[in-house]
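Okay, thanks for coming, everyone. Let me put the model up and walk you through a few spots.

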2 protein chains.
Amino acid sequence: MDVYISGVGMTKFGRSKEPLEKMMAEAASSALKEAQLERVDAIYMGVMNVEEFVGDSNFATLLADTLGLTGVPSTRVETASSTGAGAFQSAFYAVASGHMKNVLALAGEKMTHLPTAKTTRILSEVIDRSERRYGATMPALAAMIAQKYAQEFNLSPMKLEDILAQVAIKNHSNGSFNPYAQFRKIIAKEDYLKSQMVAYPLRLYDCAPITDGASAIILTSEPTPIKVSGIGHATDTAAVRHRTSFTSFNSTKEAALKAYTMAQLNPSDIQFAEVHDAFTPFEIIGTEDLGFFPPGEGWKALEEGITHLRGKLPINPSGGLKSRGHPVGASGLAQLVEIVYQLRGEAGIERQLERAEIGLAQSIGGLGNNNLVTILEQSDRERMMGEGWSPDYHPDIKVSKKRISPPPSEGVGILKTFTTLYATPEGFRSPLTLGFVETEAGEVVMACNPDYRSPKKLKMEKKVYLKTREGLYVFKNFTLWNRLKHWFKGLSKSS
Amino acid sequence: MDVYISGVGMTKFGRSKEPLEKMMAEAASSALKEAQLERVDAIYMGVMNVEEFVGDSNFATLLADTLGLTGVPSTRVETASSTGAGAFQSAFYAVASGHMKNVLALAGEKMTHLPTAKTTRILSEVIDRSERRYGATMPALAAMIAQKYAQEFNLSPMKLEDILAQVAIKNHSNGSFNPYAQFRKIIAKEDYLKSQMVAYPLRLYDCAPITDGASAIILTSEPTPIKVSGIGHATDTAAVRHRTSFTSFNSTKEAALKAYTMAQLNPSDIQFAEVHDAFTPFEIIGTEDLGFFPPGEGWKALEEGITHLRGKLPINPSGGLKSRGHPVGASGLAQLVEIVYQLRGEAGIERQLERAEIGLAQSIGGLGNNNLVTILEQSDRERMMGEGWSPDYHPDIKVSKKRISPPPSEGVGILKTFTTLYATPEGFRSPLTLGFVETEAGEVVMACNPDYRSPKKLKMEKKVYLKTREGLYVFKNFTLWNRLKHWFKGLSKSS
């Protein structure tokens with residue numbers, strides 16, 4: 001059964017004094033009003049971590065009751081930071097099954113009331129446990145991915161900085177036109193450069209902010225002008241170190257492949273997209289994973305203005321997570337609300353795109369391991385392709401790195417990527433240098449480098465000396481001294 | 001599209017040293033093996049509060065990865081203590097939509113590693129915030145419901161005690177035959193009477209234990225011997241005080257109505273059922289809400305042996321939550337695993353029912369406000385009813401009590417029900433007497449009674465004196481002194 005959209009709504013993102021359920025009720029009311037409904041057959045509501053952010057459980061029930069929809073089935077859905085898209089997907093299947101006619105997908109998060117260190121700790125719980133033990137945060141992992149991207153595609157540190165700044169500047173500019181955005185001010189490169197370093201090379205302006213907000217969409221089996229064309233979802237390894245690649249997300253590629261296949265569309269058919277830019281490098285990587293640009297060339301499209309608001313393929317016309325804000329549970333659904341506004345031509349004169357008949361949203365859960373891709377389309381759009389048409393998107397998906405255990409406790413390794421983290425979580429000294437090191441046995445491990453306060457002497461894809469200390473891996477530059485020690489050890493073992 | 005079951009699995013419930021994801025992987029492996037599958041199209045996994053019990057977030061991803069199903073879409077579903085049934089329902093719609101062929105519903109919880117006071121606090125977060133402020137716990141609310149049931153249906157305290165003991169004795173006896181059960185010892189009435197009072201009149205043996213465990217079911221669009229016939233879900237008010245009745249759950253009745261309607265069945269067609277007995281009185285109320293017995297008569301059926309293992313309508317052949325154990329997220333799915341074992345004739349010689357062609361499971365989320373009812377049936381069972389058949393189940397559903405605000409700050413009220421709580425949550429003095437009081441304006445409020453350490457002098461449906469202290473309602477017996485004070489106040493106001 002085909003699924004359509006009959007109403008959307010969202011709160012202004014930012015700091016809110018309202019309790020979470022009131023914010024979500026506000027978004028839901030707008031959507032219900034647009035759909036001219038007083039009741040729905042079910043609610044699928046997404047919150048990422050209401051237990052720790054708000055201190056409540058059984059929130060699906062509280063929400064139905066707050067909405068005045070006491071009695072209506074209400075289910076909480078969670079897929080980490082893609083939760084909003086996850087709630088939309090569950091609502092989609094409920095309608096597509098034919099068992100329900102009108103379903104409310106609703107998502108929100110309340111985060112700004114807590115101290116930043118606590119929020120950082122809660123957000124870090126999405127990270128693989130053993131990587132978390134090193135003090136790895138989301139920005140730290142994103143920074144290591146950015147570093148690797150630069151190394152793999154031969155971008156100098158200055159070039160990388162310039163590209164990331166461009167993402168931030170573009171999205172802040174787009175967001176300045178969005179009345180729902182948390183930040184509505186444009187920023188210049190010098191503002192970007194002045195913002196504090198969070199995890200080298202990522203600055204504060206490379207990271208989506210901490211935000212309160214809610215978004216809502218009504219899905220229905222009754223035809224409306226907006227149709228759900230494609231939906232795709234995939235996971236990846238919990239640990240980043242188990243990935244085959246640090247510069248692309250398998251979970252985006254698999255989810256996109258499913259969504260394009262279901263929609264019978266190619267990446268080149270997409271006219272605009274909302275791409276999960278929780279960190280600026282993720283927008284670049286996202287546009288490559290989605291098949292819009294070849295690997296390593298997403299940044300060129302940005303430089304050429306292709307992904308700008310008036311470019312050929314606008315990315316994040318809403319301002320993205322970067323400027324609209326990132327209430328973690330709500331963002332995935334807010335992206336779809338923006339797509340609907342654009343498809344309807346209701347995005348406002350400054351933000352409205354010229355070509356907006358088909359749009360895509362990509363949402364990332366965790367550190368790129370629970371991602372969803374959704375394609376929405378004007379229902380009356382005429383398809384160009386004839387019979388026998390097949391999509392030209394064939395992404396290279398290699399799910400998981402071979403895991404070798406037990407890993408060697410010390411020896412020589414290759415430093416795959418690294419970062420110096422300045423905003424460390426509770427209990428960790430700042431700055432903290434972290435890296436991924438490939439051991440001689442071919443296993444990639446996370447390691448810290450407590451001696452190096454500056455990342456300047458470290459080089460990716462070069463040898464490092466790896467040892468263990470208090471159950472953690474520690475890596476050091478492969479100095480003459482280390483070389484000698486290593487050689488003597490080998491000698492004494494073989495004798 | 002019809003939905004079938006091709007595999008089930010569960011861990012032994014009890015205390016486990018394994019991490020939660022390993023327990024869930026064990027249950028999933030059994031189910032996958034039964035279904036002869038190595039991969040599924042999606043995973044819907046239920047955990048109620050993995051954030052606080054285990055300290056992890058993004059658990060759906062971790063789980064797919066742990067199962068060796070890296071890449072497979074994985075979504076976390078939560079409906080409080082009915083989470084396992086909620087995960088099954090989401091999996092059902094995914095298959096019913098025709099977009100997926102084989103879907104794994106998986107549920108678990110790990111609870112025993114925490115101190116009981118912390119577990120109680122975490123479990124209490126499902127309760128309405130303002131009721132929680134009084135120190136109300138799940139046993140406290142269940143106890144007030146039990147008290148009200150006795151008063152409404154004229155059961156003496158001793159009779160109530162006897163009935164509740166009978167539920168516990170029956171379910172422990174059933175559980176003694178279940179290799180997956182946490183408790184496999186039969187208990188006698190004297191054991192019951194010796195168990196400590198948790199919240200008058202509920203003893204430890206009236207409450208399901210704290211448990212670790214996991215359960216799994218594979219749903220498929222390919223016909224198998226077991227079919228999903230009916231599924232229903234409904235919510236009720238977050239606050240218990242806003243209900244129209246304290247002795248029956250609207251959410252069960254609405255969910256059952258949907259499930260019976262979808263299955264085109266009557267309560268009298270059901271041959272056996274798993275009923276959510278987190279507290280012994282809930283089994284009695286459940287059998288009434290599901291239409292098996294008229295309101296106020298569930299206890300008679302128990303006394304007559306109808307709901308016994310060899311009775312006409314066996315309830316909780318597995319031993320129920322009471323004896324199998326209650327890993328909150330897993331129980332709703334474990335009930336369905338038991339139904340499947342019975343339908344297949346694989347429950348073991350002692351536990352296997354003679355008539356087991358169609359079974360029902362009812363799962364309660366929160367304090368009866370997010371309930372699900374699921375009906376499973378042998379696929380080749382011949383239906384008895386002809387055309388034009390309609391179900392004879394017409395439950396009386398009145399969703400929500402009129403809410404009056406602002407409520408009067410003090411005055412005379414009627415004590416609807418009460419309990420004395422002995423196992424109080426952190427920060428509350430034990431014992432603590434709590435009650436629901438109906439004010440003169442017709443609003444029901446929660447109130448505490450700090451002076452009364454023994455519930456003996458309190459009478460339900462009698463006048464009490466209500467005042468506020470530190471923002472909480474306090475109620476006292478309507479003594480001559482209170483009467484006089486109240487009368488003088490009225491006098492001084494009117495003058």
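So, start with the nonpolar surface patch: Leu484(A), Phe488(A) and Leu491(A) make one of about 270 Å². For patches, residues need over 30% relative accessible area and no salt bridge, with like charges joined within 9 Å and nonpolar side chains (Val, Leu, Ile, Met, Phe, Trp, Tyr) within 5 Å. Areas here are Shrake-Rupley with a 1.4 Å probe, and for residues only the protein chains shown count as cover. Leu491(A) sits in helix α15, residues 480-494 of chain A; helices are DSSP runs of H or I with at least four residues, strands are E runs with at least two, numbered from the N terminus. Leu491(A) counts as partly exposed because its relative accessibility is 41%, where buried is under 20%, exposed over 50% and partly exposed in between (1.4 Å probe, protein chains only).

Quick housekeeping: this is a predicted model, so local features need pLDDT of at least 70 and side-chain atom pairs pLDDT 80 or more, while totals for chains, interfaces and linings use all residues. Residues are numbered from 1 along each chain as written, chains are lettered from A and ligands numbered from 1 in written order, and side-chain values use heavy atoms, leaving out hydrogens and water.

Next, helix α11 of chain A, residues 280-289. How many of its residues are buried? Ten of ten, so mostly covered. Among them are Glu283(A), Glu288(A) and Asp289(A). Just after α11(A), Gly291(A) takes a positive phi of about 85 degrees.

Now salt bridges, meaning a side-chain nitrogen of Lys or Arg within 4 Å of a carboxyl oxygen of Asp or Glu. The count over all chains is 50. Take Lys101(A) and Glu222(A), with closest N and O atoms 3.1 Å apart. That pair links distant parts of the chain: Lys101(A) is in the loop between α4 and β4, Glu222(A) in the loop between β7 and β8, 121 residues apart. Lys101(A) is partly exposed at 42%, and Glu222(A) is partly exposed at 44%.

Then there's Glu161(A) with Arg203(A), at 3.5 Å. Glu161(A) lies in helix α8 and Arg203(A) in strand β6, so the pair ties together parts 42 residues apart in sequence. Glu161(A) is partly exposed at 26%, whereas Arg203(A), at 13%, is buried.

Over in chain B, Glu338(B) and Arg351(B) meet at 2.6 Å, N to O, and both are buried. Last one: salt bridges with shared partners join Glu21(A), Asp56(A), Arg129(B) and Arg132(B) into one network.
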